[in-house]
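Dear colleague,

I am passing on a structure that I have been going through, and I would be glad if you read the notes below with it open beside you.

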Amino acid sequence: MLTLTIIQILQVLISFVRWIIIIQFILSLLIVFNIINTSSPFIRGLHDGLDRLTEPLYRPIRRLLPATGGIDFAPMVVLLGLVILNIILNNIAASVLVGAAV
């Protein structure tokens, strides 16, 4: 059952990272369309903090993806990778449960 606990912890962390990426994306859109501006210290700090959290995830992806101008596909690729990882973890958990039931 320790395996299931570890899988559940990993799934919570994946969910947390997904929410950070989504919040960072929405905040970036709000800044780009000038709905909110970075003159506020809170917004500037939040934006910088989220960029520091997500940039290590995006950097390797950006090196592999071709330049597309103003569109950054790295967040979408990272989110897709996290969804795939979550599916893999679900399959491992299912196989552990079936193995434990036998």
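Which are the buried residues of helix 1? They are Leu-4, Ile-7, Gln-11, Ile-14, Ile-20, Ile-21, Gln-24 and Leu-27, where buried means under 20% relative accessible area, exposed means over 50% and partly exposed lies in between, with a 1.4 Å probe and protein chains only. Helices here are DSSP runs of H or I with at least four residues, numbered from the N terminus.

Before going further, please keep in mind that this is a predicted model, in which local features need pLDDT of at least 70 and side-chain atom pairs count only at pLDDT 80 or more, while totals for chains, interfaces and linings use all residues. Residues are numbered from 1 along each chain as its sequence is written, and side-chain values use heavy atoms, with hydrogens and water left out.

The 31 residues of helix 1 should span 45 Å at 1.5 Å a residue, and its end C-alpha atoms are 45 Å apart, which agrees; the expected span is 1.5 Å times one less than the number of residues. Ile-26 also lies in helix 1, but it counts as partly exposed because its relative accessibility is 45%. The C-alpha atoms of Ile-26 and Phe-42, which are 16 residues apart along the chain, are separated by 16 Å.

Asn-34 sits in the loop between helix 1 and helix 2, and it has a positive phi of about 60° although it is not a glycine. Most residues other than glycine have a negative phi. With a relative accessibility of 59%, Asn-34 counts as exposed.

**Helix 2**

Helix 2 has 24 residues and reaches 34 Å from its first C-alpha to its last, close to the 34 Å expected at 1.5 Å a residue. A kink of about 50° lies at Glu-55, shortly before the proline Pro-56, and the bend at a residue is the angle between axes fitted to the seven residues ending there and the seven starting there. The buried residues in helix 2 include Ile-43, His-47, Leu-50, Thr-54 and Tyr-58.

Thr-54 counts as buried because its relative accessibility is 2%. Leaving aside residues up to four places away in sequence, Thr-54 touches Ile-20, Ile-21 and Gln-24, where contact means heavy atoms within 4.5 Å. The C-alpha atoms of Thr-54 and Gln-24 are separated by 8.2 Å, although the two residues are 30 apart along the chain.

Asp-48 is also found in helix 2, and at 34% relative accessibility it counts as partly exposed. Between the C-alpha atoms of Asp-48 and Gln-24, 24 residues apart along the chain, the separation is 9.7 Å.

**Helix 3**

Asn-86 is found in helix 3, which covers residues 74-101, and it counts as buried because its relative accessibility is 19%. Not counting residues up to four places away in sequence, Asn-86 touches Gln-11, Ile-14 and Arg-18.

**The largest pocket**

The largest pocket has a volume of about 270 Å³. A pocket is an open set of points on a 1 Å grid over the protein atoms alone, where a 1.4 Å probe fits, with protein on both sides within 12 Å along at least five of seven lines, and lining residues have an atom within 4 Å of a point. A volume is the space filled by probe spheres set on the points, which are joined across faces, edges and corners.

This pocket is lined by 13 residues, of which Gln-24, Phe-25, Ser-28, Asp-72 and Pro-75 lie nearest its centre. Helix 1 (2-32) and helix 2 (41-64) each supply at least two residues of the lining, and helix 2 gives the most, with 6 residues.

With best wishes
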